[in-house]
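Let's take a friendly walk through a protein structure, from its sheet to its core and its aromatic rings. Keep the picture beside you as you read.

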Amino acid sequence: MPTYKIRGVDVDFPFEAYDSQLVYMEKVIQSLQERFNALLESPTGTGKTLCLLCATLAWRKSLGGFSTGASERKGHNVGSELSDEPLSQAESSGLPTIVYTSRTHSQLRQVIKELKRTNYRPKMVVLGSREQLCIHEEVSLLHGRTQTNACHSLCRKRKKRYCRHFPRVTEFMKENPSLGDEPIDIEELVNMGKSCGPCPYYMTRELHKVADIVFSPYNYLIDRGNRKSLSIGWNNSILIFDEAHNLESLCADAASFDLPSGILTSCISEAKNCVDLSIARRDQSNDKSCNPDNFAILRALLLKLEKRIAEVPIESKELGFTKPGPYIYDLLADLNITYKTATMLIGIIEEATLLLEEDANGTHGGGPHKMQGTICRLESMGDILRIIFRDGGQTHAEYYRFHVQEVEASAASSFRGKASRTLSWWCFNPGLAMEEFSRLGVGSIILTSGTLSPMDSFAQEFKLEFPVRLENPHVISANQIWAGVVPSGPSSYSFNSSYRSRDSVEYKLELGNAIVNFARIVPDGLLVFFPSYYLLDQCIGCWKNTIHTNSMTSSSIWERICKHKQPVIEPRQSSLFPLAIDDYITKLKDSSTSGAIFFAVCRGKVSEGLDFADHAGRAVVITGMPYATRTDPKVRLKREFLDQHAQSQRIGCQVLTGEEWYSQQALRAVNQAVGRVIRHRHDYGAIIFCDERFAHSSRQSQISLWIRPHIKCYSKFGDVVFNLTRFFRDGAIQGSTKLEPPLSEGQGNVHTLKTAQSKDKLHMRTFLAPLTSMDTKCSIKSSSSLSEVKVGPISSQWVGILPANRSSPTSYKQNPSLTLKRSSDMLCNEKKMLIPGRKNVHQMNHELDVTCNSSVNEETNDQLNVPCCLKKHKMEPDLTHYIGNSCELSYVVKEAQLNNTTTINDSVKREKPEVSESSSFQNTQVGSAVLLGDDEVIAQTNRTESRSQKNKAVLSSPVPCGDKERTGSAFLSQVKEKLSDAEYKEFVGFMKALKSKAMKIGQVLQSIVGLFSSQDRLPLLQRFKDYVPAKYQSLYEQYLKRSGGAADD
């Protein structure tokens, strides 16, 4: 394992580190050594978590050895009364405790996996709630405060109802002093408790007192109540907030509250129930432990509060009623609620909560019962009073705004028919939580994430100094990322999702047509993010109901999207989200289409913390700037608060204005969304900004640093399509030569990687079946010389462009021709077989909906790993290669005319009739010309033909190349002559459907037989047979017989 000396500290790292990883670890150690706070951004896939752990633990180890076998020091305190004294092993030795937090337990699970890969073994513990750790058969089924109260009840009283797991903790901790010396996750603790008996929750509560590093979710540090329950010596401790991009909003929300009328009414009802219960207990069992007068006072105060809120004058429903934060103390003082009385009220509320809990579960008297989950609304009132009267003072109120808003009650509400009011006290200074850490003497606070940019708002919002900052580049190379601003769509209509244009039909149609192109070009998974659910619903509704007027098949935009990728839409309800993810994964694996497309929303669940690595997310489309609603009261008041604060600061002091905050919040949401792709060092993907506002330098400067150098602004949509198609062509070819498995997030640079060829993550290395195949009995000799054609600058760019809806290309770039030598294991007995490359076929068709015919596609998926020498090759003409998509290729054809595009002809000597690659490409040009009705294109094709005939390649075919080319183009001309314009469009539609696999080949053949079944078109039936693959000849014959068009050959 390599060891790096960074700022005098020896850091053991599992792999050879990248420069960016060394820089990241250097910044971490600088922060720790100098007791500075740090803002560190490093993209996902750069090994951020691993670097953070190694650097922090190496610094901690340099101060003194880790605590091992120390669990028994405090073990005797467990079992009788829980100990809250912060006498950790680290503190007793004067060494700092490291507290590593992340947003969710699933993210912490990944961190523990990374810890297991390091050389460092500190005493560690993962803190969790009872919901994750409780193993009691009844209490584990409860949630929230109900579960907490039930646990306390069973552990506090030694009656018939007593938790059998709690008293076993003491003995288990004494017998296992090494618990926590090796990394252990929550699931492992739960399994240990189930097998050995001790309570996992109380094991962690004791173990964290002697731990060197404590892992926990954010709320254990942000929430004051949770933080006070921890027995950690905060002085000189290190606080790490991983995935901290949403930390400011979480801190502000934790210090704020909303009190709807419905909740207040429920609290009044519960207070009345407590009065009745306490009276009943006193009458029945002479139990005077609960005084009904206290609950009556509580109820009376809540009724007065309800009345005062109802009397607040609201002149404007949109603006509501707003006052400075300290106003709430005036309102409560009128109800005789002050700091002193609030403390008494909190005690009464706790009594009421316990009384309601005992009544719901029938625990009074200690008899047997079954635990039930109950929701006590009075608990929320206790939390509200704690927030208002925190620290016994009112100084924090200056960072708040008091707001009363009137909202329409829902149909299911008890307030149906009348307005409902919500009292809010919003904190606009997320730094309040961080300020408390400074008072506790915390050494360093490190905020890190893959998307912290723009960073200025972070430092200014938290009101903390962050001297150490880093915006790290990615570990990928430039050819693994495509980033472009697309200011307008295929019809040159500008993309701008602002309220002035987002509701126009033209905008929605233009965006839909652009996404059709992206769905066709991008292989596998495509993510499309909208600024809001409203715009997502509006656009999809428009796409489903609007028919594309220029389409020959009269299909809607939604149907055209679905033709290329199966759609999944992010649900508003969080409970339905897991089903949506499963649906996306299922559709992604469906081989009938070229992938799946996920329509989601910025700031939604798809944009937060999900890993769309490799094929799951090859591109992300941002459809607009996700600005928050300006008229939202909380957003409006936040902007006003920041503007007022900025005006009060002295000149020259850097402050954050409301408009700057508003813009930076939107750009941070964009950065979070685009971070879903390119998840490891071997990944590649595209980032597409479909809004003209992204072209402004002020917006681009707030995009993550690792993306900025790659952003290009395109003036024409055609340039976007060309460059994007070429990127995925090159990316797929590059991927075919790298078989290293993708790395997990945070894995970093791996010394040695073994080849992994799972279906989901294998890059295509084998040649795809050629568009035309050869008869196995055919003996083909290689040509002594290939045709020599001068290639212009434009044609060299077109070479080998990947068809839009093909996720894997032929590796023609490395092998324009492949020679197979004789072997006893071969099925073919020829001395040499030359398989011509497919380069020419791709030269013009990168802009088309072109694929192999369905038969070839079906076979290809099953034959990816079959050696070329074991595949059967048949030479059959394929009409689908002569048909171009005129609607989507017009600009390509025009550009080819202007630049006098030439082609490279791969010619070989043959002993039997065959079709040359050059003629196949030329017929493609002819087909496109026929569809366009463009005589100039036909003339251009004839010029290309005349040049190709002058090449030095010798063809030993009895049918000249030119004849075969004329045969294909002549047939198309004959079809157009025999059919009406509408029928010809229908014929072209069938051929396009065949290429895109929108229809089965049987349906296509039957439909075409129907078109050609009239008497004067019977010759077309026989001619078309030449272009039907051999495996479907019999099927075609059946349709001919049914139509009466069969004839003897």
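In this predicted model, seven strands make up an open sheet with parallel pairing, in the order β5-β6-β4-β7-β12-β3-β13. At its edges are β5 (124–126) and β13 (468–471), each of which pairs on one side only. From one strand to the next, the twist averages 15 degrees. Strand β3 (residues 38–41) pairs with β13 in the parallel sense over four bridges, and E41 stands opposite E471 in β13.

Now for the nonpolar side chains. The largest nonpolar core has 97 residues, and F215, F241, L247 and L447 touch the most other members. Helix α2 (residues 48–63) supplies the largest share of this core, nine residues. Another core lies apart from it, with 50 residues that include V275 and I384. In general, nonpolar side chains tend to be buried together in soluble globular proteins.

Aromatic rings come next: the whole structure holds 31 aromatic pairs. Here are two of them.

| Pair | Centre to centre | Angle between planes | Type |
|---|---|---|---|
| F166 and Y202 | 4.7 Å | 70 degrees | edge-to-face |
| F530 and W543 | 6.2 Å | 50 degrees | tilted |

Where do F166 and Y202 sit in the chain? F166 is in the loop between α6 (144–156) and α7 (168–175), while Y202 is in helix α9 (residues 200–207), 36 residues apart. F166 counts as buried because its relative accessibility is 3%, under the 20% cut-off. F530 belongs to strand β15 (residues 524–530) and W543 to helix α21 (residues 533–545).

Finally, two charged residues lie over ring faces: K544 over W558, at 5.0 Å from the ring centre, and R639 over Y662, at 4.5 Å.

Definitions and conventions:
Residues numbered from 1 in each chain as written. Predicted model: local features only at pLDDT ≥ 70, side-chain atom pairs only at ≥ 80, totals over all residues. Heavy atoms only, no water. Core = buried A, V, L, I, M, F, W, Y, C linked by side-chain atoms within 4.5 Å. Buried < 20%, exposed > 50% of the residue type's maximum accessible area, 1.4 Å probe, protein only. Helix = DSSP H or I, 4+ residues; strand = E, 2+ residues; numbered from the N terminus. Pairing = 2+ DSSP bridges. Axes fitted to C-alpha atoms, helices over the stretch in contact; angles between N-to-C directions. Phe/Tyr/Trp six-rings, centres within 6.5 Å; stacked < 30°, edge-to-face > 60°. Lys NZ or Arg CZ within 6 Å of the ring centre and 35° of its normal.
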